[in-house]
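Dear colleague,

I am handing over the structure below, and I would be glad if you could look through it alongside my notes on its aromatic side chains.

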Amino acid sequence: ERNWQPPQPALVGLLFLQSPLTWGSWVLAIVWEHGRTEVWHFVVAVGWQLLQTLELCQGARARIVSVCSQGASLVWCEERPPLDAHSDMSKCAFRFCICSRALEVGEQGVRLGTVRIVLHNSPEYQVLASPQHIFLVPAAASFATTSKFLLVWHPEKAKLTITAPSAGFVHRKVLHSSSESDFRKLLLGSVGLLSGLAPLDIHTSAVSNSGGLLLVSTKGAVNMVEPDGTQRHVFDLEGGPLAQGSPVQLKTFGSILACVLSGVLYLIDQNSGRLIEKKILSMKEVHFLESPGEEDSIQLLTQTGIYSFSFSKPEDSSRPEPCLVEMVFEEACRYYQRRSLSSSKLTVEKLKKGGVFQAPVALAAILQHSLRQKQKAARGLQETYAKLLSTMSLELQSYMSLELLKTCVVCAPESEVESYCEELVEQEVSRVLHSDMDKDNLAYLNSVFASFPKAAWKATRSCLQLQQNGDGLLVARATPEVWKKVLGGPQQEEVGQNGVVPLFELICASFLRFKPKWLPSFVELTQQYISISWAYSSKEGPEGRVPLYKRALGVLARKNKRSEADDEMELELLLCSKRPKAVLQALHLLIRLKQWQRVVEVAEKFSKLSPLLNKEIFTTLLAEFAQHRELDPYLDMLWSLCPAELTASDILTVVLQHLPRSQEDPAPFSSEGNQLTVGLLKPLLQRVVQRPCVQDEMYSDALQSPIFPPPTPPREH
């Protein structure tokens, strides 16, 4: 264009605008740094024609640093320099504002709406538009505090979201009036939290066709930030840290993310993060072209021409499914390596060529025929493979239904995702519980329980078949194999300190979160199963290591906040174990809490378990009786617990050892009325003295002989 004579201000953006369908042509807006905007229209017979020249900014000193278009509006970040040239740097850092303005192109020409200030007194932002939202990404030279978070603006709802994705921080605010659009007031309630966060690591940013924000860090990590502020990891690019000047091109085509870095094209599945293909290009400077409606190919613009790259596979292809077949051989490698006595490394190539291990070869052949060619599944299979296929048909159907369910989760609307996730988690938990419980599977279950806690809880109930019977008692109808997976598997000392916990602890944590009152019953059920499956003294069983009640108490101790309900839970867990040490610990806890009625009830119930425990309980309560008068209302029951082998002198020894020590000799008759008297002990001492001695019982037969000495036997003549 001849009007564009140097020196020209810097070009900020080239934006294709929405135009009426009757035109059937392109409308392009060219935006310069000082706010001048030219709207051009392309006619096939004539070429490009200038429709109108506009001024976006209202101030003469304003400067546009970033611009984007969304629907019929332009959104830009504008710099408004302070009038005072000697202003301090802290004020200069907040000299930008985010503006929006309607720009409608019709048959009558171009109509420019009024300026709307979205955010003022803000730092510099790069604005990126998705179909429903505007992402505000802090510029590289932003103020240190403001480069720790992103902003997401929803124009229709006038809602602004502040998010620091890596730290899990999300805060939303509706901007009702212009007074609320001040940047510093917006952050007033979050400054303390945001100040402790690390700055965002952003090398490149782009918007995906699904409406999310793609961020590439300087370390090569590709992440997706959703409009609601949540973040998920997609892929890690090869090649180590990225230099500031090395460009990264990003573009999404359906569910495929295309990425060009240093002349290498990566094709990545956005949903799973799997690398589909990697191509080395002959040129380094490459640009992606828009290709609406063509999601199975990529158009690349280079200096030598336009190239098309297709990544679709024909539906009737008889090639095996490479990802699944490779997974079979990789899993077989790990399986055989664990059981091998050889120190040599087993590889996929050795498995395929060796001919020693037939199982992975057979499974790969079956999968190739049954999954890729459903209508002619058994064609070309060996007879032995065909028999194996008929045996595995149910397993294959289960696998196919699981894959279909995963597809449903990815494609389902938001309202149905939760139900699909619950079903998927249940299938995954069931699958792991019916396979080897090694460290990898245990780490996987930990991640499932952490990501989908409610679904994992429902899956646990289903797999263990937990329910209440008619009497309100918890029952479980799990198979012995499932019980062994719950109680066996790697223990805490084997999995290390990396945050992974054994399966029993995982399930206990779920009980505490969703059904706390069932936890003691579950521990009791588990102990019943152990008593059937393992000998009591067996070191192989779970009880040979750390008792289950202690493991459950460990889960309870890891709770962040302690409450009265947790004290009650600790008591229930100690008592449900029925172990002498645990029962005595519970008794001491009740005494510390001064719950005397429950102290007596526990003593009466558990003293029947064994004579030794009965003696310990009685001695403990007798010591308490000597110190205060709280147990006086329950003395009749307490005296009934007195063991047969205790004598009056034993009782008096315990009482004297535990009498409260006073600073001065007490008066014979204290006014406080809390002293122990002989009258209180008299019923117990009478009971013990009147009871027949154990030694007397041993010789009672001899002592009760009617004649002493016995008569002389008759002599024989």
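Which charged end sits over the ring of Tyr 335? It is that of Arg 339, at 3.9 Å from the ring centre, where sitting over a ring requires NZ of Lys or CZ of Arg within 6 Å of the ring centre and within 35 degrees of the ring normal. Arg 629 likewise lies over the face of Phe 625, 5.0 Å from the ring centre.

Please bear in mind that this is a predicted model, in which local features need pLDDT of at least 70 and side-chain atom pairs count only at pLDDT 80 or more, while totals for chains, interfaces and linings use all residues. Residues are numbered from 1 along each chain as its sequence is written, and side-chain values use heavy atoms, leaving out hydrogens and water.

The search of the whole structure found 14 aromatic pairs, a pair being rings of Phe, Tyr or Trp (its six-membered ring) with centres within 6.5 Å, called stacked if the planes are under 30 degrees apart, edge-to-face if over 60 and tilted otherwise. The rings of Trp 26 and Phe 42 have centres 5.7 Å apart and planes at 35°, so this pair is tilted. Phe 235 and Tyr 266 also form a tilted pair, with 6.2 Å between centres and 55° between planes. Both Phe 235, at 11% relative accessibility, and Tyr 266, at 3%, count as buried (under 20% relative accessible area, with exposed over 50% and partly exposed in between, using a 1.4 Å probe and protein chains only). By contrast, Trp 26 is exposed at 52%, and Phe 42 is partly exposed at 23%.

Best regards
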